[in-house]
Amino acid sequence: MTRGDFLGFGVLGAIFGAIVTIPPVAFVLSPVIKTDALGQSDVPDDWFEVGPISEIPEGEPKNFVVEFPVNQIYSEEEIINNPEAVKTEGEVIPNAVWVSWKTEILEGGKLGKTQRPAFVGEGGSLSQEQIQEVTASLNVMSSSCAHLGCPVRWLVREGEGLFLCPCHGGLYGINGEYQGGPPPRGLYNYTFEVRENGMIYVKHEFDIEPGLNKQQPYVV
Amino acid sequence: MGMIGRVRSQAVDASKLVTDWMEHRTGIVTMMEHFLFEPVPKRGAWIYTLGSLTLGLISLQFLTGILLLFYYVPTTDHAWNSIYYIMNEAYFGTLIRGIHYWSANFLLAAIGLHMAQVFFSGGYKAPRELNWVVGVILLLLVVVIAFTGYALRWDQDGFWATVVGMKIGSYSPFVGGQTIRFLMGGDTIGPATLSRFFAIHVWLLPAALAPFIGIHLYLLRRHGVFGSEFEYTERLAKLHERQRLERFERYEEEDGEPNTGRRDRADRDGSE
Ligand code: HEM
Ligand code: FES
């Protein structure tokens, strides 16, 4: 084989190799390319309604279900928004959101004072100051356990409540703080805002404290 | 000769005719002999069936899996319903799905036992190292197939097991995030997730499994099952012979004769 042959085969091999491998690999990896390289998300970067603050009791969290629209295969945005398209399940992913008033924890685990502002539930629209106060007093938590993602639920035993994870027994307090079991930290908080109408809105992302790995948690 | 004897000898003749005919045209009989007859050590022969058990269970997975595909629908809005149909409407649906489910569980146990047998008998040693490597690849493929299959149920069990499994994977260094976004088909679980798990469970990995099973069996046939190269009775005879000689030498020692070994003694016998 001559030098020319060798180079020729090398160049041809590289071209044909690229032709047969790039399309299938890019095809299969397109969601990874779109999310990791292009920074796109399957869920629109909007605010989604959670529920009214007036429904949140004291000393107990309230569960709301938020239906995030998801752009995947048969639930692409154009199809979801087209009134003539046949509606299918799987266009939304329901996420359970736990909301509670920040609560003081006394020694021995008993619940102390709740930061529920007195004006909540009076009706009427909220002023900017009131919104700020409410925002500072709320825990808006993902139901997804900080261990490996199972949905936690609120369990009351002998008057005391805790979030219990069904998978490996992770425990959290009413503020989402870590109480026991395998989770490495407390529950994740959603990025949220409160509006004049007294409703909570969330984005499909977590408000991760500085210093933590921004990429976690990977499964929302 | 009675009626039954006559019929029997006629049947034997006929089958001989058929096998001879096939043998001349295809060589199938020699081929079958080559594939099916394998010398196995006499002792503990049963333990050598663990590999065949694994192969049998994998075949069962393929057969029942293909049957399940007649009804299973891999979409988020219909997957659960289609399994409900399999379980409640299709004849023997519980049997077919039950076999797929239980055989998947027993399969992993069988692989574990099979590996333990190879490990403790030293069957992974030269020249069979590569067959151990291929076996580990097969194990990983089966584990991933079992993981992706569980998601296909799309019920609470399957769904959350999948979430947990993916989160475990997400903690892998460097590629964790990409790996699970590849599996989820985006940055959330959704319709794409189920489609991908389906494609991986039913097509990609079973297709990858088949050639590795082929290589595994080819290498097995090339070197034979470990232990077949020495007949155990022969080794035992050699051992007894050695023990006898040793006892003899010790006897000589006690008798006051110097222990000079066999060759020396033979030399001395000659010189006397
Ligand atoms: C090593 C081979 C395989 C293993 C270990 C395996 C394992 C599993 C497991 C654990 C499930 C969940 C069953 C359940 O919880 O009900 C499953 C489901 C399923 N598998 Fe497989 N499988 C294998 C091969 C295959 C093949 C080759 C096919 C098709 C060609 C297939 C098709 C399916 C289908 C359609 C389902 C969904 C139905 C159901 O969940 O019952 N499997 N598999
Ligand atoms: S997923 Fe909640 S404790 Fe493991």
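**Entry 1: the iron site**

I count as donors the N, O and S atoms within 2.8 Å of the metal. I keep in mind that the model is predicted.

With that cut-off I looked up the iron atom of ligand 1. Its protein donors are H100(B) and H201(B). Each uses its NE2 atom, and they lie 2.0 Å from the iron.

Next I checked the geometry. The iron atom of ligand 1 has six donor atoms, and the angles among them run from 85 to 179 degrees. The site is octahedral. For six octahedral donors the ideal angles are 90 or 180 degrees.

Where do H100(B) and H201(B) lie in chain B? I found H100(B) in helix α5, residues 93-121, and H201(B) in helix α9, residues 191-223. The two parts are 101 residues apart in sequence, so the pair ties them together.

**Entry 2: chain B as a whole**

I then listed the secondary structure of chain B. I found 11 helices and zero strands. Chain B has 272 residues, and 32% of them are buried.

**Entry 3: a nonpolar patch on chain B**

I turned to the surface. A nonpolar patch there includes L17(B), V18(B), W21(B) and M22(B). I28(B), M31(B), M32(B), F35(B), L36(B) and F37(B) belong to the patch too. Together the patch residues have about 1100 Å² of accessible area.

Which helices supply the patch? I noted α1 (3-26) and α2 (28-36) of chain B, each with at least two residues. The most comes from α2(B), with five residues.

I looked at F37(B) separately. This residue sits in the loop between α2 and α3 (50-68) of chain B. Its relative accessible area is 61%, and exposed means over 50%, so F37(B) is exposed.

**Entry 4: chain A**

I moved to chain A and its domains. Domain 1 covers 1-39 and domain 2 covers 41-206. Their centres, taken over C-alpha atoms, are separated by 45 Å.

I picked out G51(A), which lies in strand β1 (residues 48-52) of chain A. Its relative accessibility is 3%, and buried means under 20%, so G51(A) counts as buried. I also looked up its distance to V97(A). G51(A) and V97(A) are 9.8 Å apart in space, C-alpha to C-alpha. In sequence, 46 residues separate G51(A) and V97(A).

Conventions: Residues are numbered from 1 along each chain as its sequence is written. Chains are lettered from A and ligands numbered from 1 in the order in which they are written. This is a predicted model: local features need pLDDT of at least 70, side-chain atom pairs count only at pLDDT 80 or more; totals for chains, interfaces and linings use all residues. Side-chain values use heavy atoms; hydrogens and water are left out. Domain bounds come from an automatic or database domain assignment. Patches are made of residues with over 30% relative accessible area and no salt bridge: like charges are joined within 9 Å, nonpolar side chains (Val, Leu, Ile, Met, Phe, Trp, Tyr) within 5 Å. Accessible areas come from the Shrake-Rupley method with a 1.4 Å probe; for residues, only the protein chains shown count as cover. A salt bridge is a side-chain nitrogen of Lys or Arg within 4 Å of a carboxyl oxygen of Asp or Glu. Helices (H or I, at least four residues) and strands (E, at least two) are DSSP runs, numbered from the N terminus. Buried means under 20% relative accessible area, exposed over 50%, partly exposed in between (1.4 Å probe, protein chains only). Donors are N, O and S atoms within 2.8 Å of the metal (3.2 Å for Na, K and Ca); water is not among the atoms, so sites may look incomplete. Four donors count as tetrahedral if all angles lie between 85 and 135 degrees; four count as square planar and six as octahedral if opposite donors are over 155 degrees apart and all others between 65 and 115; anything else is irregular.
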